[in-house]
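Okay, everyone, thanks for coming.

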Amino acid sequence: MTRSVWLKADDAVGDWEARKRRITAGLEAGVDWVLVDEHDVERVRELGDINVAAFAGDDVHVMDAEGTAESTADAVIVGKDGEGDGTVGLPSDFSGSADLSALRSGGANGGYVRIFDEDYEAFAEAVAEAADYTMVVADDWQIIPLENLIARVGEETELIAGVQTAEDARTAYETLEIGADAVLLDTDNPDEIRETVEVRDAVGRETLDLEYAEITAIEQTGSADRVCVDTGSIMDHDEGMLVGSMARGLFFVHAETAESPYVASRPFRVNAGAVHAYARTPGGETTYLSELASGDEVQVVDRDGNTREAIVGRAKIEKRPMFRIQAETAGGDRIETLLQNAETIKVATPDGRIAVTDLEVGDEVLVYHEDTARHFGEAVEESIIEK
């Protein structure tokens, strides 16, 4: 599931300057959507490239069946100053709801509901049946209503929970181990906005079970075409990438974060190995190092197996002398890779990082092993021999 962050920036926030500051902070942090009033849609477009949702009004609605009256907003939301926020009382029979009528007729494709009691919770369910986007907000948020909606609402709508802090967002994303699809954040605090985006990015990321494998052979092999993967991210001291000659067994190779007497650190770089080798990418797939190019995504992993994504800035290929490194896992599988013969390339051992030039038979190095074949980078259930 792909999570998203919506930022509330309608008239309730304040005047345009206050709204503009909040929207700008959201753009800089990387929120996915902003929710504004109809008269601000084009103003937001001028600030940056972002999805814009607008509360429905006289001049904003989605395209109808005949293709007329198209809104400039990416989503149109009913509920403000209506039944959804309690301004207009709920009808005893939801079939008479003006908000639901707008959703069913195509006048809007999203609904906003404040949860005051069980009646509004039931109304939110009805909105979810008709809307692409269902926003549920409460002043004193209780987990139970959100749990009920997550359990009852199907995949036909994107369920968006109103929050005011990054910690609230984390709870919303993790409720019932399924979580809301998105959060609607209502805050002016730029740090809180940024932290909420960080929570979005962290939720659902893979955590890999890394293990140590014993070096059984290491030898100089002559020169090969080596790939340095230069990312657009600064990596921490315990981060690197998973690379290897065999898709089922990838070696943890540290980013070049360490200082050297001979060369400055390059904390954005992983000297990853020869062009034929695999590198792990987000989503559990692999790609050949030779195929990486600017704009591609790679998976960055730390020694504990925590992962994140990074954008490739460039892949630099040069002919360099190499080592062939072979290791045996605890289960008896032998895996190997080619790494450049240079003291700046480091792998992880139980005692810390070590340069490949100092590796010896019997040393243990950190690897990721899975008993799965690969076809065009995707795991498949078939027998493939790699040697």
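Let's start with Lys8 and Asp10: both are buried, and by buried I mean under 20% relative accessible area, with exposed being over 50% and partly exposed in between, using a 1.4 Å probe and protein chains only. Their side chains meet in a salt bridge, 2.8 Å from N to O. The cut-off for a salt bridge here is a side-chain nitrogen of Lys or Arg within 4 Å of a carboxyl oxygen of Asp or Glu. And Lys8 and Asp10 belong to a network of salt bridges with Asp37 and Lys80.

Quick word on what we're looking at. This is a predicted model, where local features need pLDDT of at least 70 and side-chain atom pairs count only at pLDDT 80 or more, while totals for chains, interfaces and linings use all residues. Residues are numbered from 1 along each chain as its sequence is written, and side-chain values use heavy atoms, leaving out hydrogens and water.

Next, Arg22 and Asp188, another salt bridge at 2.8 Å, N to O. This pair ties together distant parts of the chain, 166 residues apart: Arg22 sits in helix H1 (16-29), Asp188 in the loop between strand S8 (182-185) and helix H7 (190-202). Helices (H or I, at least four residues) and strands (E, at least two) are DSSP runs, numbered from the N terminus. Arg22 is buried at 5% relative accessible area, whereas Asp188 is partly exposed at 47%.

Then there's Arg200 with Asp201, also bridged at 2.8 Å, N to O. Arg200 is buried, at 14%; Asp201 is partly exposed, at 29%.

How many salt bridges does the structure hold? The count is 28.
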